[in-house]
Amino acid sequence: MLEFAIDGHDGAAKTPVARKVSVVLQRLGYRTKVFEPFIEANRRLGKNIYPYWQENPQLAVELMESVLREPTAPLDIVIYDRHWLSVIVQLFGTVFETQWMRFIPTFYMQAPIEKTISCERFSWDIPWTRSLEQLQYWIDTYNTVSKKYSQHVMGTYVVSTREQPLEPIEGDIVQKILRTVHSNSSQIRFNLTNT
């Protein structure tokens, strides 16, 4: 099973892109699904995990590590809607950042602050978006983390407006995933013929 993440800050079109990429891969014959680990973590806790990054980061890390081991169905490809990048953003600059070791190939989605605010689900009542300054801090932190761990980022995409067509981004992500799938298949065949 190969794992990929589509990650980034709120309002960067992660979810629609992840779902479309999964649908395209399914049409090509791959067993794939989208898995949302932060939503699963919230379900397990019975409340939002986000305050735990400040109150009890060790618990938050352990919970996320446990959740990320969950997809066990016979799948060819798992597409995560958020993964290590969103975790590291919460741990950035703390001792816990260096303890996180679970990285997978990631496609980083970003958007200007105006695009984030224009999203239907956006709310100023969410703890990490209580002000423009706080929202900008999170966007800047995502950008910093994506650069710091760039060896795990397979592509960076900017979604500037709600009207922007997402097909070129989805197509590029699918092509990069397929190249990885084919590369892995070739490597497996090479290893089998040389044993």
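## Helix 2 and helix 4

In this predicted model, helix 2 (residues 37-45) and helix 4 (residues 57-67) have axes that come within 9 Å and cross at roughly 115°. Helix 2 is therefore roughly perpendicular to helix 4. The crossing in which helix 2 passes helix 4 is right-handed.

On the side of helix 2, the contact is formed by Pro-37, Phe-38, Glu-40, Ala-41, Arg-44 and Leu-45, which meet Leu-63, Met-64, Ser-66 and Val-67 of helix 4. By residue class, the contact of helix 2 with helix 4 comprises seven nonpolar, one polar and two charged residues.

Five strands form an open sheet in the order 2-3-1-4-5, with parallel pairing. Its edges are strand 2 (32-35) and strand 5 (153-158), each of which pairs on one side only. From one strand to the next, the twist averages 20°. In general, the strands of a sheet pair through backbone hydrogen bonds.

Strand 3 (residues 77-81) pairs with strand 1 (residues 2-8) in the parallel sense over five bridges. Within this pairing, Tyr-80 of strand 3 is the bridge partner of Ala-5, and Ile-79 of strand 3 stands opposite Phe-4. Strand 3 is also joined to strand 2 by four bridges, and strands 2 and 3 run parallel. Here the bridge partner of Thr-32 is Ile-77 in strand 3.

## Burial of strand 3

Five of the five residues of strand 3 are buried, so strand 3 is largely enclosed by the rest of the structure. Ile-77, Ile-79 and Asp-81 point one way from the strand, whereas Val-78 and Tyr-80 point the other way. Both sets of residues are buried, the charged Asp-81 included.

## Two non-glycine residues with positive phi

Arg-82 is found in the loop between strand 3 and helix 5. Although Arg-82 is not a glycine, it has a positive phi of about 85°. The relative accessibility of Arg-82 is 9%, so this residue counts as buried, the cut-off being under 20%.

Ala-13 is located in the loop between strand 1 and helix 1 (14-27). Ala-13 likewise is not a glycine, and its phi is positive, at about 70°. With a relative accessible area of 14%, Ala-13 is buried.

Eight of the eight residues of helix 5 are buried, so helix 5 is largely enclosed by the rest of the structure. The buried residues are Trp-84, Leu-85, Ser-86, Val-87, Ile-88, Val-89, Gln-90 and Leu-91. Just after helix 5, Gly-93 adopts a positive phi of about 85°.

## Helix 5 against helix 7

The axes of helix 5 (residues 84-91) and helix 7 (residues 132-148) cross at roughly 115° and come within 9 Å. This angle makes helix 5 roughly perpendicular to helix 7. Helix 5 passes helix 7 in a right-handed crossing.

Helix 5 contributes Trp-84, Leu-85, Ser-86, Ile-88, Val-89 and Gln-90 to this contact, where they meet Trp-138, Thr-141, Tyr-142, Val-145 and Ser-146 of helix 7. The residues of the contact of helix 5 with helix 7 divide into seven nonpolar, four polar and no charged. An α-helix has 3.6 residues a turn, so residues three or four places apart point the same way.

At 14% relative accessibility, Trp-138 counts as buried.

Key
Residues numbered from 1 in each chain as written. Predicted model: local features only at pLDDT ≥ 70, side-chain atom pairs only at ≥ 80, totals over all residues. Heavy atoms only, no water. Axes fitted to C-alpha atoms, helices over the stretch in contact; angles between N-to-C directions. Parallel < 35°, antiparallel > 145°, perpendicular 65-115°, else oblique. Left-handed = near helix turned anticlockwise from the far one by under 90°. Contact = heavy atoms within 4.5 Å. Buried < 20%, exposed > 50% of the residue type's maximum accessible area, 1.4 Å probe, protein only. Pairing = 2+ DSSP bridges.
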